[in-house]
Amino acid sequence: MSSLTCPRCKTNLSTRTAGELSFGECGTCFGVWVDAPSFEKISADPDKHGADLSWPDKGPTNWPVVYIPCAECGTVMNRINFGRVSGVVVDICQRHGIWFDRDELRQVMDFVRKGGLREARAIELAEHRSEMKELRAVGKVGSARGEKFAAVVNFLIGS
Ligand SMILES: [Zn+2]
Ligand SMILES: [Zn+2]
């Protein structure tokens, strides 16, 4: 996580750690960049990791609807409704991680904690059970770290 850039302010993010998590935080807008390994930990156990995080009460939350660049590679990110039904629109780079504007990570963690992701995943699985089976059969759903994140991303985007 070296030289990350805030997609909003174009300034350098400072690296912060909280428990096992490592993320980039912007000292100007208080948005946070969560890389793939940290996001996997959060979505797997939001109660455990949420306890280590604090939420700044200043900084903008209503940004104009624009596409913003990945903090790591600068590629324009996808805007997604997290978990399809949460109503929290986050920006995601399929290779590197997710950008949360100030307060979005808190909202997403609330959603995950209430089981929103499990519910959405259950719907997804019911819809695409046979498709998932096929993917597994041809080895497209793997357990390696990168593949796991890719699977989460595909699920979130709904592709
Ligand atoms: Zn910023
Ligand atoms: Zn990227």
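This is a short tour of one structure, stop by stop, with what to select at each.

The model is predicted: local features need pLDDT of at least 70, side-chain atom pairs count only at pLDDT 80 or more, and totals for chains, interfaces and linings use all residues. Residues are numbered from 1 along each chain as its sequence is written, while chains are lettered from A and ligands numbered from 1 in the order in which they are written.

**The sheet**

Start with the strands (DSSP runs of E, at least two residues; helices are runs of H or I, at least four; both are numbered from the N terminus). Six of them form an open sheet in the order 1-2-3-6-5-4, with antiparallel pairing; two strands pair if DSSP finds at least two bridges between them. Select residues 14–18 and 78–81: these are strand 1 and strand 4, the edges, and each has a single partner strand, so one side of each lacks a neighbour in the sheet. On average, neighbouring strands are turned by 30° against each other, direction ignored.

Next, select residues 21–25, which are strand 2; three bridges join this strand to strand 3, and the two run antiparallel. Gly-24 has Trp-33 of strand 3 as its bridge partner.

**The helices on the sheet**

Now show helix 1, which packs on the sheet and touches strands 2, 3 and 6; its direction makes about 90° with that of strand 3. Helix 3 also packs on the sheet, touching strands 3, 5 and 6, at about 115° to the direction of strand 6. Axes are lines fitted to C-alpha atoms, for helices over the stretch in contact, and angles run from 0 to 180 degrees between N-to-C directions.

Centre on Trp-33: beyond four places in sequence, its contacts include Leu-4, Phe-23 and Trp-99. Contact means C-beta atoms, placed from the backbone, within 7 Å.

**Two loop residues**

Finish with Phe-30, in the loop between strand 2 and strand 3. Its phi is positive, about 65°, although Phe-30 is not a glycine. Is Phe-30 buried or exposed? Phe-30 is buried, with 20 other C-beta atoms within 10 Å; buried means 20 or more, exposed 12 or fewer, and partly exposed in between, with C-beta atoms placed from the backbone.

Note on methods. Contact = placed C-beta atoms within 7 Å.
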